[in-house]
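Let's take a walk through this model, one piece at a time. Have the 3D view open as you read.

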Amino acid sequence: MNQQGRSPLNGEDECTHVQFLLSPEVRYTRRMLLCPVRGCHMALARGERQLLCPQGHSFDVARSGYINLLQPQDRRSKQPGDTKAAVLARRRLHDRGVSEPLLHATVEMMAASNSDIVLDAGCGDGFYLGTLARQIGFDAHGIDISISAIDAASRRYPGCEWIVANADRVVPYADASFSLVISITARMNAGEFRRVLRHDGRLLVAVPAPDDLIELRGAGRDRVARTVETFAPDFKLIDQRRVTTSADLDADAVHDVLHSIYRPLRSQPVNALRVTFALDLMLFQPRRDSGNSA
Ligand SMILES: [Zn+2]
């Protein structure tokens, strides 16, 4: 397969046309966006400032570079997902470096290379995917239902493809598009993750560990067993670890943490505080007899 001249952003036209000429076995070896219109789901071809499906449904590419594939029936409110205030608060925390140890653990566990094609489902402001794509050089695709989050992601990390969509319903990519799917403290859609993942791919899931933000909201539940159970029909757990870090935060940063988890701000002033951040990481591999036919 000729991959010369392909870049994550500029190869779209060529890829889409080439894909139709390839035999079925190799047709889906690259990620391919699908039309989100109910009952359509045909491949989208990329034009100058918009994407078009063969049935004539079109989607504009935003000025900052993202593509909004959210359909009216896919949202319950006018602005679904994270608010702009929450997105900005979370980004300030990432920029202070509080997430660095979590990022390192994620990198180690996913063991990605520059030949991976990665989907981050529920990518938020793009911190994990965008940072990893820059470090490792893989082909990166992020989906989130929040326009504010995706807009922030596409401004900060223009080298990745950013899509506004409701991955709870459908992940708008062809079967077996990805070699790696990641879900970092996001909502999980086991069936769709399996469908868009190659048979030899892997899935990394991170959920908040019981100690996460314990100073602000008390001890949480251990979500590991439940998560493994959720994925069990399609995936086998192959690695698991817990990563914990803490950071001395000033009052502004504590305020940002509260914003990012939608805790109503307390009436008394927020004080500086040492805050724990903790994730349970799980690495899965698809079961042989599950999922798509690719
Ligand atoms: Zn269509």
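In what order do the three strands of the open sheet lie, and is their pairing parallel or antiparallel? Keep in mind that you're looking at a predicted model. The order is S1-S2-S3, and the pairing is antiparallel. Strand S1 (45-46) and strand S3 (58-60) each have a single partner strand, so they stand at the edges, with one side of each left without a neighbour in the sheet. Strand S2, residues 50-52, runs antiparallel to S3 and is joined to S3 by three bridges.

Now for a pair of helices. Two packed helices are described by the angle between their axes and the distance between the axes. For helix H3 (residues 84-95) and helix H10 (residues 251-260), the axes come within 8 Å and cross at roughly 135°. That angle makes H3 oblique to H10, and the crossing is left-handed. On the H3 side, the contact is made by Ala 85, Ala 86, Ala 89, Arg 90, Arg 92 and Leu 93, while H10 brings in Ala 253, Asp 256, Val 257, His 259 and Ser 260. Sorted by type, the residues of this contact come out as six nonpolar, two polar and three charged.

Last stop: Asn 166, which sits in the loop between strand S7 (161-164) and strand S8 (178-184). Is Asn 166 buried or exposed? Asn 166 has 23 other C-beta atoms within 10 Å, so it counts as buried. Leaving aside neighbours within four places in sequence, Asn 166 is in contact with Leu 70, Asp 74, Arg 75 and Ile 145. Pro 36 is 130 residues away from Asn 166 along the chain, yet their C-alpha atoms are separated by 9.7 Å.

Note on methods
Residues numbered from 1 in each chain as written. Predicted model: local features only at pLDDT ≥ 70, side-chain atom pairs only at ≥ 80, totals over all residues. Pairing = 2+ DSSP bridges. Helix = DSSP H or I, 4+ residues; strand = E, 2+ residues; numbered from the N terminus. Axes fitted to C-alpha atoms, helices over the stretch in contact; angles between N-to-C directions. Parallel < 35°, antiparallel > 145°, perpendicular 65-115°, else oblique. Left-handed = near helix turned anticlockwise from the far one by under 90°. Contact = placed C-beta atoms within 7 Å. Nonpolar A, V, L, I, M, F, W, Y, C, P; charged D, E, K, R; others polar. Buried ≥ 20, exposed ≤ 12 C-beta atoms within 10 Å, placed from the backbone.
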